[in-house]
Amino acid sequence: MKIKACLFDLDGVVVDTARYHYIAWKRIADQLGFYFSELDNEKLKGVSRMESLDILLRVGKKEVDIKTREELAILKNSYYLSFIQSMTPGEILPGVIEFLDELRNNGILIGLGSASKNSLLILDKLNIREKFDVVIDGNKVSNAKPDPEVFLNGAAELGVSPSDCLVFEDAQAGIDAARNGGMHCIGIGNPEYLKNADFVIPGFLKMDLDQIKSWYS
Ligand code: G6P
Ligand code: MG
């Protein structure tokens, strides 16, 4: 396989936003009168905002009407936005910048494929928007991961066939999305929890392109 493009998930791959999502969702759970644990929060990784809310409500055994559901999603996002306002480039996960620069220097195209509707804001806070040739975020897709839409759109905008794309993902739904799109995929995190990736790495520290090319040769 010749890697022509790399597609990156945002949350948990480029930056660790999971704790901000968690604190925001926990505040909603507190207001609704139930406990939302960090373990429960794992179920929200890679999942869209509305689906996350549905999971949260199931955990709390709460049923709400459509209007309240919309209001809760807006409220959660307002909490989340207040946390990410103060985000800085120092929060970019170790080795990410170096890896992105190495890809660019080797002529490999770079895309972002994230469910988050806040992707552009976060890329700007981290000052790395220009490192991506294309950004497909939650505003541009109608089908959430594990549907491959977000990655297939990225590949199409880059003009690269899915089989020449390598996806980096920290969530099972994202790995499944890459697979469903016929792409190669490297998981970021713990191999015990991430299934069906070609390889699973802890992060980009000490990772370089030669290493990855050797895995796929
Ligand atoms: C990513 C995160 C999820 C989050 C989703 C939507 O996939 O992993 O935890 O729910 O984005 O994020 P948003 O910023 O649009 O609420
Ligand atoms: Mg993620």
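In this predicted model, strand 4 is mostly covered, with five of its five residues buried. C165, V167 and E169 point one way from the strand, and L166 and F168 point the other way.

Strand 4 has a partner in strand 1 (residues 5-8). The two run parallel and are joined by four bridges. A5 has C165 of strand 4 as its bridge partner. Strand 4 also pairs with strand 5, again in the parallel sense and over four bridges. Here V167 is bridged to C185 of strand 5. Between strand 4 and strand 5 the chain passes through helix 8. This β-α-β crossover is right-handed.

Helix 8 spans residues 172-180. Its buried residues are A173, G174, I175, A177 and A178. They pack against helix 7 (149-158), strand 4 (165-169) and strand 5 (184-188). Just after helix 8, G182 adopts a positive phi of about 75 degrees.

The largest nonpolar core holds 52 residues. Within this core, F8, V14, F132, F168 and I212 touch the most other members. F168 is one of the buried residues of strand 4. Leaving aside residues up to four places away in sequence, I212 touches I3, F99, L166, F168, I186 and M207. A second, separate core comprises 19 residues, including I136, V160, I175 and C185. In soluble globular proteins, nonpolar side chains tend to be buried together.

L126 lies in the loop between helix 6 (119-125) and strand 3 (134-136). L126 counts as buried because its relative accessibility is 1%, below the 20% cut-off. Its contacts, not counting residues up to four places away in sequence, are V14, V15, M87, T88, P89 and I92. V14 is also among the core residues that touch the most other members.

The magnesium ion (ligand 2) has three aspartates as protein donors: D9 (OD), D11 (O) and D170 (OD). D9 is buried, since its relative accessible area is 4%. D11, at 17% relative accessibility, also falls under the 20% limit and so counts as buried.

Definitions and conventions:
Residues numbered from 1 in each chain as written. Chains lettered and ligands numbered in written order. Predicted model: local features only at pLDDT ≥ 70, side-chain atom pairs only at ≥ 80, totals over all residues. Heavy atoms only, no water. Buried < 20%, exposed > 50% of the residue type's maximum accessible area, 1.4 Å probe, protein only. Contact = heavy atoms within 4.5 Å. Donors = N, O, S within 2.8 Å, 3.2 Å for Na, K, Ca; no water. Core = buried A, V, L, I, M, F, W, Y, C linked by side-chain atoms within 4.5 Å. Pairing = 2+ DSSP bridges. Right-handed = clockwise from strand over helix to strand, strands pointing away.
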